[in-house]
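Hi,

Here's the structure I promised to pass on.

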Amino acid sequence: MVKWLLCGAAMISGIVIAAETENRSFQFGNFEVIAVQDALSAMRFELFPGMPEEEFLRLTGGGRVPSSVNVFLLKRGDGKIILVDAGNGGKRGGMLRKLEQSGVFPESVDFILLTHMHGDHIGGLLGKHGEAVFSRALVYVSMPEWEFWQNGTAGPQGKQVRKVLHAYGSRVRTFRFGEEVLPGIKALDASGHTPGHTVFETDSLLIVGDLLHAAALQIPRPEVCTIYDMNPSGAVQVRRRFYEFAASSPKPVAGMHLPYPGIGRIGRSAAGYVYLPGK
């Protein structure tokens, strides 16, 4: 259990500093979607337990596998602003600075949707002294995710979650899978990576959170898990299910750990699945 509680810190160990990436803007149906890279990430072989090293080297070309820490900002036609996940926060995360480059300041965010509550997805919700960064936003998280972390889970990750819940207090909202969380955004059950991991579906996009961490490995080999998957067998099942869903759908996917800008398509190949970056 301990390794899961430390997963937020472990994820940070893969982050490397690189040249700044510019925010990228896309139009998906009723939403303008702005992709923001919170931090660049590169993942070591040791983060994929049970994977043969020769297979890792074959698929990655050696060294580390490219990844990223992304967040997505959705702008609705009515002017409402929705942030999906909040990155690392602190010195490790560049989200706030980059949002400002797109003219978006914390006080202008109306809603925050969380795919789950690992540290590299909620760290940006808190300021230096544990205060809420987003002064008026409502924060939405799935009921199973909220229940898991609320029920006394120990360790640094549980402590960080409780700080977030305390800082946002009555502005935290829970939802159940299958519900339309906000107009035009439906919550789909993607439990496995965490007990309440969520995929958000719009009319033209699937925001898949941590369905996968390393596209170069986990698209061709969906059975490969990282140490961050709390229920590995469940993560594999949901990964296969959403790969098939995405391959059968015209909707692209947006992933928090897909190489920046984190948007592409999952298609079928003779060997299984293939990832095609781009809209």
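What covers the buried residues of H3? Before I get to that, two ground rules. This is a predicted model, so to speak of local features I need pLDDT of at least 70, and side-chain atom pairs count only at pLDDT 80 or more, while totals for chains, interfaces and linings use all residues. Numbering starts from 1 along each chain as its sequence is written, and side-chain values use heavy atoms, with hydrogens and water left out.

Now the cover: it includes strand S2 (31–43), strand S3 (65–76) and helix H8 (215–218). (Helices are DSSP runs of H or I, at least four residues, and strands are E runs of at least two, numbered from the N terminus.) The buried residues of H3 (53–60) are Glu55, Phe56 and Thr60, where buried means under 20% relative accessible area and exposed over 50%, with partly exposed in between (1.4 Å probe, protein chains only). They sit on the same side of H3 because they cover an arc of only 115 degrees around the axis, taken from the directions from the helix axis to the C-beta atoms. Glu54 and Arg58, on the other side of H3, are exposed.

S1 and S2 run antiparallel, joined by five bridges; Arg24 has Ala35 in S2 as its bridge partner.

Cheers

Conventions: Contact means heavy atoms within 4.5 Å. Two strands pair if DSSP finds at least two bridges between them.
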